[in-house]
Amino acid sequence: MDAAFSLAAAVEASAFGQAMRASIWLYPLANLLHVLGAALVVGASATFDVAVLRGDRASRFVLRAGIPLAALGLALQIVTGVALFAAEAGPLMRNPAFLAKLAFIAVGIANIAVFHAVLNPRAQRPLPKGARVAAAVSLLAWAGALLLGRAIAYV
């Protein structure tokens with residue numbers, strides 16, 4: 001854990017971390033784009049997950065339409081999350097809500113990998129039985145990450 005704290009201190013002390021704190025525009029812009037990314041990830045994922053849980057035949061259409069939106073949202077989340085982290089890495093590494101958020105994100109990303117690699121939803125008709133479990137895990141992981149992200153400021 002000491003290595004993680006050392007890395008966080010280095011990131012925060014970096015020119016990028018300093019720029020994120022010094023600029024009147026960078027941090028608010030990163031924050032706004034982070035919220036947009038969250039809306040895309042959670043919105044697209046939740047729409048698909050609910051369709052899978054309900055057994056809707058439309059889930060295949062939602063999968064095709066939603067993946068690019070969710071991928072864009074996740075990319076925005078990662079880029080802006082790194083930027084926001086750089087601004088206050090030290091305090092974030094001591095924040096239990098932030099650490100729990102990272103765990104939920106890891107579960108969400110692992111779930112995506114398993115869903116697409118193991119369940120292969122594009123190749124199977126109807127969706128495999130494990131798809132409902134993956135959809136429930138996805139809903140919990142992304143909603144948890146979203147809620148914990150908001151809790152960071154209050155913990």
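Helices α2 and α4 are roughly perpendicular to each other, because a crossing angle from 65 to 115 degrees counts as such, and their axes cross at roughly 85 degrees. Keep in mind that this is a predicted model. The α2 helix covers residues 15-22, and its axis comes within 7 Å of the axis of α4.

So who touches whom? On the α2 side, the contact uses Phe16, Gly17, Met20 and Arg21, while α4 brings in Val82, Ala83, Leu84, Ala86 and Ala87. Sorted by class, the residues of this contact are 7 nonpolar, 1 polar and 1 charged.

The largest pocket holds about 840 Å³ of space. Nearest its centre you'll find His34, Gly81, Leu84, Lys101 and Ile152. Helices α3 (26-54), α4 (59-87), α5 (89-93), α6 (96-119) and α7 (130-151) each give two or more residues to the lining of the largest pocket.

The second largest pocket comes in at about 340 Å³. Closest to the centre of this one are Ser45, Ile67, Ala70, Ile112 and His116. Two or more lining residues come from each of α3, α4, α6 and α7, and α4 gives the most, with 7 residues.

Here is what lines each pocket:

| Pocket | Lining residues | Lining by class |
|---|---|---|
| Largest pocket | 28 residues | 20 nonpolar, 5 polar, 3 charged residues |
| Second largest pocket | 21 residues | 15 nonpolar, 5 polar, 1 charged residues |

Note on methods
Residues numbered from 1 in each chain as written. Predicted model: local features only at pLDDT ≥ 70, side-chain atom pairs only at ≥ 80, totals over all residues. Heavy atoms only, no water. 1 Å grid on protein atoms, 1.4 Å probe; cavity = no way out; pocket = protein on both sides within 12 Å on 5 of 7 lines; lining within 4 Å. Points joined across faces, edges and corners; volume = space filled by probe spheres on them. Helix = DSSP H or I, 4+ residues; strand = E, 2+ residues; numbered from the N terminus. Nonpolar A, V, L, I, M, F, W, Y, C, P; charged D, E, K, R; others polar. Axes fitted to C-alpha atoms, helices over the stretch in contact; angles between N-to-C directions. Parallel < 35°, antiparallel > 145°, perpendicular 65-115°, else oblique. Contact = heavy atoms within 4.5 Å.
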